[in-house]
Amino acid sequence: MRKRIIIFMTIFALCLSLTACGNGSSNKNNNLYEAVAEGEEMRDFTGELVGGGELKLSDLKGKVILLNFWATWCGPCVGEMPAFPKLMEKYGDDLALVTVNVGEDAETIQEFLDKNSYSELIVFLDEDYAISNLYPSEGIPYTIIIDREGVISATQLGAHDADTMFYEYSSLIDTVLLP
């Protein structure tokens, strides 16, 4: 029995390490915030966008918001990203797909976006982890689904391939959109 528990824990730890990148937002600064939970109001912020301009998260109320924290060096983050344009196509104006790049500079992010044809993504710069610290986690990718009224309906740490994540995110979004 003990051997089975050790094997299970080893497999669980390996799976977790393969689906999420460490050194997420909670590891960078002393966090004043606790992790978000389903049923809480979203934590509003205004941030600088890659490519210029600013956006306030609460300006997107009325739409379902998929808020995703990521970095270009994070394999699972990059692996799930092809799902995002498909989600935007599927849900159209009902969905605001917003990403927050954790800790990288605008040039690195823009180069990645251009190389991978993700120019339609809304990407916040978060070089100093100010936004990430509002939504602390144990790693990235970290995704939060926010309903039309600004209430957190789901959180997701880690990712699999883009097809799997398209299905998972669609399911979470449908739960919020459908009565």
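**Close-up 1. Asn 68 is a buried residue, with a relative accessible area of 1%.** The view comes from a predicted model. Asn 68 counts as buried because its value is under the 20% cut-off. Its place is in strand β3. The side chain of Asn 68 makes a polar contact, at 2.9 Å, with the side chain of Glu 80. Leaving aside residues up to four places away in sequence, Asn 68 also touches Phe 84, Val 98, Thr 99 and Val 100. Pro 141, Tyr 142, Thr 143 and Tyr 169 are among its other contacts.

**Close-up 2. Helix α3 spans residues 83–91 and has buried residues.** These are Ala 83, Phe 84, Leu 87 and Tyr 91. Seen down the helix axis, they fall within an arc of 95°, so they line one face of α3. An α-helix has 3.6 residues a turn, so residues three or four places apart point the same way. Several elements cover the buried residues of α3, including strands β3 and β4 (95–102). Helices α2 (75–80) and α5 (162–177) also belong to this cover. Phe 84, one of the buried residues of α3, is touched by Asn 68. After α3 comes Gly 92. The phi of Gly 92 is positive, near 55°.

**Close-up 3. Gly 62 sits in the loop between β2 and β3.** Strand β2 covers residues 54–56, and β3 covers 64–70. Gly 62 is partly exposed, at 39% relative accessibility. Asp 94 is 32 residues away from Gly 62 in sequence. In space, the two are 8.1 Å apart, C-alpha to C-alpha.

Conventions:
Residues numbered from 1 in each chain as written. Predicted model: local features only at pLDDT ≥ 70, side-chain atom pairs only at ≥ 80, totals over all residues. Heavy atoms only, no water. Helix = DSSP H or I, 4+ residues; strand = E, 2+ residues; numbered from the N terminus. Buried < 20%, exposed > 50% of the residue type's maximum accessible area, 1.4 Å probe, protein only. Polar contact = N/O pair within 3.5 Å; in protein donor to acceptor, adjacent residues only side chain to side chain. Contact = heavy atoms within 4.5 Å. Arc of directions from axis to C-beta.
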